[in-house]
Amino acid sequence: MKKHSNGAVLRNCSLFNKEDDEMTGEEIKSMQKEYNLQSWSKQKGLNPVPVEKGEGIYFWDCDGNRYTDMSAQLVNMNVGFGNKAINDAIKEQVDKFCYAAPSYAVEARAKLAKKIIGLMPDNMGKVFFTNAGAEANENAIKMARMYTGRFKVFSRYRSYHGSSFGAGNLTGEPRRYTLEPGIPGFVKFFDPYIYREAVPFESEEAASKYYIAKLREQILYEGPDSVAAIVIETITGSNGILIPPKGYLPGMRTLCDEFGILLICDEVMAGWGRTGKMFAFENFDIKPDMVTFAKGVTCGYVPLGGVVVSKKIAEYFDDNLLSCGLTYSGHPLACAAGVACVNYYEEVNILDHVKEVGKVLGERLEELKEAHPCVGDVRYIGLFSAVELVKDKGTKEALVPYGKDIQGTMGKIIGKLKERGFMTYSHENMILIAPPLIITKEQILEELAKLDEVLSIVDKEFI
């Protein structure tokens with residue numbers, strides 16, 4: 001143990017055993033702030049929580065304070081902290097060997113690819129492994145262009161597909177701005193965002209008909225023969241949990257088939273049980289041409305992503321060069337973690353659990369919507385949800401303008417949740433709620449009581 005200058009005993013928070021190497025939480029935080037650049041942040045004034053340990057849906061700082069992970073970190077730790085099956089699989093692979101180049105046959109790599117294809121629709125053929133979701137989307141774009149011989153790629157404005165150059169151009173929301181002027185051939189279209197649509201619709205089906213008709217018109221104006229792919233987050237994630245209206249995705253599938261365009265579903269965030277289906281597109285009865293994934297395939301224990309391609313696309317590359325490659329494609333440690341993780345999903349019947357517990361989440365969110373003037377809308381499917389905050393329910397004026405939060409309003413609200421041990425993040429005027437899939441009904445109700453408290457404060461102080 002170490003003592004602070006005021007004499008108080010501070011807990012050690014270190015991976016090392018030697019006394020000289022032990023660090024307090026404040027020392028860790030200070031060192032990180034001095035030597036690390038933190039993503040998506042102004043560096044001045046950062047105050048990261050020094051994490052000492054985690055178990056299930058909880059983690060603790062170096063002073064023993066407990067926090068509840070209500071966003072599954074970055075919507076990737078689906079099984080929470082300390083999953084023994086994944087930990088043991090990583091250790092077992094370490095004892096064999098930690099790395100082999102992508103050109104070598106590796107048991108974990110082969111098993112995970114087979115398992116993933118087994119979970120996919122019958123039109124899917126092979127997997128190309130990457131290190132993360134952004135790389136998965138980068139390589140999906142490349143494959144689509146190689147396969148079709150076309151160069152244009154459509155994606156939506158309210159989307160996030162990564163921040164590397166290609167994936168960042170695919171992204172539609174403000175995080176793409178630093179990459180502009182961008183790469184030629186990236187075309188944006190609007191999402192089916194019924195809550196904020198100026199046109200009233202009599203039904204979800206009517207909305208879908210409208211959105212698909214407008215997309216078809218845009219394709220015609222761009223030239224169908226130049227469009228390689230349409231890339232969508234099957235369910236838009238950080239930009240608001242925008243769930244496609246009935247008929248929208250089947251309509252998009254039909255549209256792609258009409259013009260020979262590939263449909264690529266980005267399942268990086270929505271996949272791996274998050275919606276109560278193993279993959280979100282299964283909720284809408286479609287078969288994509290490609291699926292990109294990451295996050296929940298290993299739950300962040302080791303970085304891994306990938307692209308699943310149809311049998312037709314896989315066959316094309318039998319005789320044509322696949323001009324894609326990564327040093328760590330199919331990293332053995334990551335694939336070992338992936339096999340254990342996917343096995344765990346199946347062994348504990350995670351999909352039924354998500355449906356059951358997600359029902360409780362949805363019901364409670366609807367109650368919060370009725371109770372609080374600041375809640376304009378709530379959207380949820382499985383354990384994938386968002387609370388949209390407004391200044392006025394009648395006008396639907398957002399609590400903060402799109403792309404601008406000059407006063408740091410959302411940060412202050414997230415801070416009040418943090419004070420109560422409820423850890424999540426916000427984007428635009430939305431609070432994301434996407435806890436680990438192992439959360440119980442009782443834990444959901446306990447945590448949403450904290451959200452209820454904070455929303456009452458927002459009602460009084462922020463609108």
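In the predicted model, the protein exposes about 21400 Å², of which carbon and sulfur atoms supply 52%. Of its 463 residues, 53% count as buried. The C-alpha atoms fill a box of roughly 75 × 60 × 45 Å along the principal axes. Secondary structure comprises 13 helices and 18 strands. Among contacts with a separation of 6 or more, 71% are made by residues 24 or more positions apart.

Several backbone features were identified. The peptide bond between Glu 180 and Pro 181 is cis, with omega at about 0°. Pro 181 is found in the loop between helix 6 (165-170) and strand 8 (186-189). A positive phi of about 55° occurs at Val 75, which is not a glycine. Val 75 lies in helix 2, which spans residues 72-75, and because its relative accessibility is 1%, Val 75 counts as buried. Asp 285, also not a glycine, has a positive phi of about 55°. Asp 285 is located in the loop between strand 10 (262-266) and strand 11 (290-293). With a relative accessible area of 73%, above the 50% cut-off, Asp 285 is exposed.

The whole structure contains 17 aromatic pairs. One of them joins Phe 59 and Phe 81, whose ring centres are 5.7 Å apart; their planes stand at 50°, so the pair is tilted. Phe 59 belongs to strand 4 (residues 58-61) and Phe 81 to the loop between helix 2 and helix 3 (84-96), so the pair ties together parts that are 22 residues apart in sequence. Phe 59 counts as buried at 5% relative accessibility. Phe 81 has 18% relative accessibility and counts as buried, because the cut-off for burial is 20%.

A stacked aromatic pair is formed by Phe 279 and Phe 281, with 6.0 Å from centre to centre and 10° between the planes. Phe 279 is buried, with a relative accessible area of 0%, and Phe 281 is buried at 1%. Phe 279 and Phe 281 are members of one aromatic cluster that also includes Phe 129, Trp 272 and Phe 293.

Conventions. Residues numbered from 1 in each chain as written. Predicted model: local features only at pLDDT ≥ 70, side-chain atom pairs only at ≥ 80, totals over all residues. Heavy atoms only, no water. Helix = DSSP H or I, 4+ residues; strand = E, 2+ residues; numbered from the N terminus. Buried < 20%, exposed > 50% of the residue type's maximum accessible area, 1.4 Å probe, protein only. Contact = heavy atoms within 4.5 Å. Areas by Shrake-Rupley, 256 points an atom, 1.4 Å probe, with all protein chains shown as cover. Phe/Tyr/Trp six-rings, centres within 6.5 Å; stacked < 30°, edge-to-face > 60°.
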